[in-house]
Structures are given as structure tokens and as C-alpha cells.
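Keep the structure in view as you read.

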Amino acid sequence: MHVIKSDVGVVRSENQDRAAVFHKGDIAFAILCDGMGGHQGGSHASSITIDTFEEEFMKKFPVDHLEKANGWFQKAIKRAKKEMTNFANKDQNLLDMGTTLTAAVITKDYIIVYNVGDSRTYVFNGVLTQVTRDHNLRNLYIDKFNYSEEKAATIMGAAALTSALGPKKKTNIDVFNVENSNDIKYVVLTSDGIHDYISKPTFTQILNSDISINNKAEELIVKAIKGKSSDNLTTIILEVNK
């Protein structure tokens with residue numbers, strides 16, 4: 001069982017987030033994209049990416065050869081970038097479009113998470129664990145220049161992306177294998193309009209609450225908006241091991 005909730009928020013005039021969950025046998029593929037690139041550009045980038053991955057997953061995901069999943073994902077990324085480039089060639093104003101991408105493959109035996117940008121995937125087993133790591137200047141300075149988290153947070157443009165998916169974007173792909181996946185209750189994907197505006201204790205409290213996952217997703221959005229979110233807000237909550 002899963003739920004997808006998305007809201008334009010209270011500041012933006014357009015929702016450029018896109019999210020979906022696809023199933024193939026007992027394998028689920030959850031994907032969330034947060035588009036960027038001016039009016040409509042971000043919407044095109046995130047929509048093209050979701051559509052490309054749906055086709056690639058349904059037609060080409062290596063169900064019987066799961067060890068080839070990473071290669072499949074990289075090929076799907078290349079195709080999504082090509083599809084965006086072809087689309088943007090019809091309108092040069094769209095060449096700067098791009099999107100984040102966070103995704104999870106969930107099977108009965110393992111969970112593998114992919115990430116490009118600063119949307120996030122979490123796992124929850126009573127404790128909320130962030131699986132992905134944001135591709136932004138803050139983390140670049142921590143990794144490359146040994147900045148402390150506190151010092152890195154003070155640099156100008158700390159939240160600026162260092163990786164995204166688009167015709168002219170530098171694209172780095174992180175891959176995470178989730179350990180002890182049999183203990184996981186939920187896989188949760190969020191755009192930064194949610195996780196940048198809600199505390200981890202509040203996030204955890206909502207997931208632990210005795211309400212439906214539909215209401216949990218709605219509550220995440222409500223709390224983030226109350227936390228002064230200035231962006232689109234999207235989440236996927238996918239129930240596993242049920």
C-alpha cells in the first residue's frame with residue numbers, strides 16, 4: 001500500500017513536483033522529482049523524467065537479474081536526459097530546465113535507493129533514518145574542504161544544488177543499499193518543500209501516530225506549510241513488509 005500527496009504550497013503559482021509508484025510483480029519502484037528552470041521548464045523536466053522511468057521500469061527493469069538494477073537505472077537516467085534535451089531543442093528557453101530525482105526499488109529481499117539532487121528518501125522502523133544525502137554546496141564544502149556542518153551552513157548559497165538532471169546539468173548519482181530492510185515499515189520520499197520545513201521529531205511523531213498513511217502524508221504537508229514552507233510540497237509514503 002502507498003500514498004502520494006502533492007501540494008502547490010502558499011507561495012508558488014505552479015506545482016513542478018511530480019511523483020509516482022510503479023509495480024512489476026512484487027517489486028515496487030517509487031520516484032519523486034522536484035523540477036526547476038523557470039516557468040514551465042521545471043514541470044517539463046520532472047514530467048519527462050517520470051514518464052521515461054515508467055516506460056523503462058515496465059519494459060526493461062531486470063526482474064530476474066536484480067544485480068543489474070544499477071546499470072538499468074543509469075541507462076534510464078541517460079534516456080531521461082536525452083528526452084529532455086530533445087524537448088528543449090524545440091524551445092531554447094527550456095535548455096536550463098532540470099529536476100532532482102530520488103527513487104527507491106523495494107522488493108521482499110532488499111531496498112535500494114537512488115538520488116540526484118536534494119529531494120530525499122527516508123526509511124522508518126519506529127526511528128526515522130535519512131538514506132540520501134543532499135547534493136548541495138553545504139555538503140560539498142564538508143566533503144571537499146573538511147568544513148564542520150555548522151561552518152558549512154553559513155556559506156553563501158549553502159543550499160544551492162551541485163547535481164541535478166537536465167540538458168545542461170551536472171548529474172551525479174548516489175546509490176544506497178538499505179541494510180536490515182526486513183525491519184522497515186515505511187519508505188518515505190519527500191521534496192525539500194517538506195523536509196526543509198519540518199523538524200525530525202515532528203516528522204517521526206507523524207509517522208508513529210495511529211492514523212492512516214493517507215492522513216500521515218497530509219499531516220506532513222500541513223506541518224511543513226505551518227513551518228513557513230515557500231515551495232511545492234510532495235511526499236510518497238510506501239508501506240513495506242505487510
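The crossing of α1 with α2 is right-handed. A right-handed crossing has the near helix turned clockwise from the far one by less than a right angle. The helices are DSSP runs of H or I, at least four residues long, numbered from the N terminus.

This is a predicted model, in which local features need pLDDT of at least 70, side-chain atom pairs count only at pLDDT 80 or more, and totals for chains, interfaces and linings use all residues. Residues are numbered from 1 along each chain as its sequence is written, and side-chain values use heavy atoms, with hydrogens and water left out.

| Pair | Residues | Axes come within | Crossing angle |
|---|---|---|---|
| α1 and α2 | 41-60 and 69-88 | 9 Å | roughly 140 degrees |
| α6 and α7 | 200-208 and 213-226 | 9 Å | roughly 155 degrees |

Axes are lines fitted to C-alpha atoms over the stretch in contact, and angles run from 0 to 180 degrees between N-to-C directions.

α1 and α2 are therefore oblique to each other. Oblique covers what is left after under 35 degrees (roughly parallel), over 145 (roughly antiparallel) and 65 to 115 (roughly perpendicular). In α1, the residues that meet α2 include Ile48, Phe53 and Lys60. Among their partners in α2 are Trp72, Arg79 and Phe87. Contact means heavy atoms within 4.5 Å. By class, this contact of α1 with α2 has eleven nonpolar, three polar and five charged residues. Ala, Val, Leu, Ile, Met, Phe, Trp, Tyr, Cys and Pro count as nonpolar, Asp, Glu, Lys and Arg as charged, and the others, Gly among them, as polar.

α6 and α7 are therefore roughly antiparallel to each other. Their crossing is right-handed. α6 brings Thr202, Phe203, Ile206, Leu207 and Asn208 to the contact, and α7 brings Lys216, Glu219, Leu220 and Lys223. The classes here are four nonpolar, two polar and three charged residues.

**The cavity**

How many cavities of 30 Å³ or more are there? The count comes to one. A cavity is a set of points on a 1 Å grid over the protein atoms alone where a 1.4 Å probe fits but cannot get out; lining residues have an atom within 4 Å of a point. The largest cavity holds about 30 Å³ of space, the volume filled by probe spheres set on the points, which are joined across faces, edges and corners. Its lining includes Tyr110, Ser181 and Asn241.

Note on methods: Helix = DSSP H or I, 4+ residues; strand = E, 2+ residues; numbered from the N terminus. 1 Å grid on protein atoms, 1.4 Å probe; cavity = no way out; pocket = protein on both sides within 12 Å on 5 of 7 lines; lining within 4 Å.
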